[in-house]
Amino acid sequence: MSRLTQLTAGPYAPPVPARELTVVSADGARLHAEVHGPGDAPSVVLAHGWTCSTAFWAAQIRDLAVDHRVIAYDQRGHGRSPAHPVCSTRALADDLEAVLAHTLAPGERAVVAGHSMGGMTVLAASARPRFRAHAAAVLLCSTGSSRLVAEARVVPMRAGRGRTWLTARILGLRAPLGPVTPMARRILKYATMGAGSAPHMVEACARIVHACPRGARHAWSRVLERLDLDDGVRELAVPTAVVAGSADRLTPPVHARAIAAALPLCVGLTELPGLGHMTPVEAPDLVSGRIRELVTTYVGRTKDTTDMTDMTDAEGATGAVDTVGAESGADGADGVDGADGADAHAKEGA
């Protein structure tokens, strides 16, 4: 389990949950989950990314829990969820389905938001009956469906085999990250956040990422290196909004644009100028606002796919790219973690 070195004050300090529980996935993996907010409010489910934890969503939880029931969970091997020998996209989908089944009532629908590997979790689960039964709408933040290493710009080299090889070696390092030092903050900011990221944002992300166990970090890096969830994008048949940072080096905007173009029901692509990979930390109000919009529009509705398509076309949102100005200092990063056994089912979709 990770070393929890989260902030204890400020907007990125994790709120105290109303309820904590352990969810058991299909293969026996145990997942830490939290429930925040009033029990009778509309539900939101949050899935974090590589090397992160529920703490990554602190700003969204604090905002949304005022009038939403917010469910967040630690991916296997991250945060307070123990490592497990199986790390695969199938496992990610199994875990999300288990969380939905354990925290939502039969027939209850929620907005599901995923950041980076959390977005990939949604794509892995998109064709699953249980996911489709519970997901009213989706928000994908700073994510991709394939070619993650080849498209990454962490290494300042021309695209090609050399950059791809070196990027895979860097992201897959087994070495511990060590304490959060000034140099560590600079490295993390360069790799995962925009140049204008405020120091308190960098500090929050550094503490979260450095708390991730190196075994999980390495194992999940192997899964991401082989990721192929393009079919999952085409299967995501619920209204889906996409958010990306223009300066994201881990999942550059080319991924968001490809996903938006392939989604059956895209309800908007928002590109944030100057922001990096950690959009929920870098642009907390915008991300929370997108989730609120999806809840207001889709949760509680019983429209079928045809009705949703008509609504999307009427709103003129399908395929639209919204470039939003962001305040200086709204940058962030995402991490991906795992446990030994990453090669098992590494290329499986859900």
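**Exercise 1. Secondary structure and burial of the chain**

Determine how many helices and strands the protein chain contains, and what share of its residues is buried.

Solution. In this predicted model, the secondary structure of the protein chain comes to 14 helices and nine strands. The next step is to turn to burial, where 58% of the 350 residues count as buried. The accessible surface of the chain comes to about 13,400 Å², and carbon and sulfur atoms account for 55% of that area. Finally, among the contacts between residues at least 6 apart in sequence, 83% join residues that are at least 24 apart.

**Exercise 2. The pairing of strand 2**

Work out which strands pair with strand 2, and in which sense they run.

Solution. Begin with strand 1 (residues 19–24), which is joined to strand 2 by six bridges, the two running antiparallel. Within this pairing, E20 has E34 of strand 2 as its bridge partner. Strand 1 and strand 2 form a hairpin with five residues between them, and G28 in the turn has a positive phi of about 95°. Then take strand 4 (residues 69–73), which pairs with strand 2 in the antiparallel sense over four bridges; here the bridge partner of A33 is Y73 in strand 4.

**Exercise 3. The buried residues of helix 7**

Identify the buried residues of helix 7, and explain how they are arranged around the helix axis.

Solution. Helix 7 spans residues 182–192, and its buried residues are A184, L188, A191 and T192. When the helix is seen down its axis, these buried residues fall within an arc of 75°, and therefore they line one face of helix 7. To see what lies against them, look at the elements that cover these residues, which include helix 8 (199–210) and helix 12 (279–282).

**Exercise 4. The aromatic pair**

Classify the geometry of the aromatic pair formed by F56 and W57, and decide whether W57 is buried or exposed.

Solution. A search of the whole structure finds one aromatic pair. The ring centres of F56 and W57 are 6.1 Å apart and the ring planes stand at 85°, so the pair is edge-to-face; the cut-off for this class is an angle over 60 degrees. F56, at 2% relative accessibility, counts as buried, and W57, at 0%, counts as buried as well.

**Exercise 5. The setting of R290**

Find the element in which R290 lies, and decide whether R290 is buried or exposed.

Solution. R290 lies in helix 13, which covers residues 284–298. With a relative accessibility of 16%, R290 counts as buried, since the cut-off for burial is under 20%. To place R290 relative to another part of the chain, take G268, which is 22 residues apart from R290 along the chain; the C-alpha atoms of these two residues are separated by 9.9 Å.

Definitions and conventions: Residues numbered from 1 in each chain as written. Predicted model: local features only at pLDDT ≥ 70, side-chain atom pairs only at ≥ 80, totals over all residues. Heavy atoms only, no water. Buried < 20%, exposed > 50% of the residue type's maximum accessible area, 1.4 Å probe, protein only. Arc of directions from axis to C-beta. Contact = heavy atoms within 4.5 Å. Phe/Tyr/Trp six-rings, centres within 6.5 Å; stacked < 30°, edge-to-face > 60°. Pairing = 2+ DSSP bridges. Areas by Shrake-Rupley, 256 points an atom, 1.4 Å probe, with all protein chains shown as cover.
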